[in-house]
Amino acid sequence: METKKATKDTLKKVLSSLEKGSDEAIGSYLYKGFRLQVSKYKQSGCERVLQLYNRRRKNGQCIACGVKVKRKNPLTGALYRLCDMHRKKIDKKR
Ligand SMILES: [Zn+2]
């Protein structure tokens with residue numbers, strides 16, 4: 001997990017996400033030389049994978065490698081879930 005430099009505002013946001021029980025609070029933060037880590041207690045590997053998948057989907061990244069996806073699906077207008085390389089790889093299997 002990448003540690004992000006946090007400001008007071010970041011901490012406020014994290015706290016309000018925590019109050020809501022939102023996954024957005026999850027992260028690693030650096031504040032005045034302290035590291036604050038928010039993660040789910042007893043999270044299963046499956047949940048972690050799903051979380052990563054959702055985060056990448058939201059950011060328009062390839063779900064396999066995290067590279068930014070630039071191409072859109074002409075049918076739906078939405079970004080592809082996979083980068084060019086992984087799309088080719090998976091298409092070949094069909
Ligand atoms: Zn990829």
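How many buried residues are there among the 13 residues of H1? The count is 1, so the helix is hardly covered. A residue is buried if 20 or more other C-beta atoms lie within 10 Å of its own, exposed if 12 or fewer, and partly exposed in between, with C-beta atoms placed from the backbone.

1. Basis. This is a predicted model: local features need pLDDT of at least 70, side-chain atom pairs count only at pLDDT 80 or more, and totals for chains, interfaces and linings use all residues. Residues are numbered from 1 along each chain as its sequence is written.

2. Layout. The chain has 3 helices and 3 strands. Along the sequence they follow the pattern β-α-β-β-α-α. Helices (H or I, at least four residues) and strands (E, at least two) are DSSP runs, numbered from the N terminus.

3. Overall shape. The radius of gyration of the chain is 17 Å, whereas a compact globule of 94 residues would have one near 12 Å. That radius is taken over C-alpha atoms, and the globule rule is 2.2 Å times the number of residues to the power 0.38. Along the principal axes, the C-alpha atoms fill a box of roughly 50 × 25 × 25 Å.

4. Burial and contacts. Of the 94 residues, 6% count as buried. Among contacts between residues at least 6 apart in sequence, 25% join residues at least 24 apart. Two residues are in contact if their C-beta atoms, placed from the backbone, lie within 7 Å.

5. The sheet. 3 strands form an open sheet in the order S1-S2-S3, with mixed pairing. Strand S1 (3–5) and S3 stand at the edges with a single partner strand each, so one side of each is left without a neighbour in the sheet. On average, neighbouring strands are turned by 30 degrees against each other, direction ignored. Axes are lines fitted to C-alpha atoms, for helices over the stretch in contact, and angles run from 0 to 180 degrees between N-to-C directions. Two strands pair if DSSP finds at least two bridges between them.

6. Strand S2 (residues 27–31) and S3 run antiparallel, joined by 5 bridges. Tyr-29 has Leu-36 in S3 as its bridge partner. Gly-27 stands opposite Val-38 in S3. The hairpin leaves 2 residues between the strands, and Lys-32 in the turn has a positive phi of about 50 degrees. S3 (residues 34–38) is hardly covered: among its 5 residues the count of buried ones is 0.

7. Helix H1. The 13 residues of H1 (residues 8–20) should span 18 Å at 1.5 Å a residue, and the end C-alpha atoms are 19 Å apart, which agrees. The expected span is 1.5 Å times one less than the number of residues. Gly-21 follows H1 with a positive phi, near 75 degrees.

8. Helix H2. The 15 residues of H2 (residues 45–59) should span 21 Å, and the end C-alpha atoms are 21 Å apart, which agrees. Leu-50 lies in this helix. Leu-50 is partly exposed because 13 other C-beta atoms lie within 10 Å. The C-alpha atoms of Leu-50 and Thr-3, 47 residues apart along the chain, are separated by 20 Å. Just after H2, Gly-60 takes a positive phi of about 70 degrees.

9. Lys-70 sits in the loop between H2 and helix H3 (84–93). Lys-70 counts as exposed because it has 10 C-beta neighbours inside 10 Å. The C-alpha atoms of Lys-70 and Gly-60 are separated by 8.1 Å, with the two residues 10 apart along the chain.
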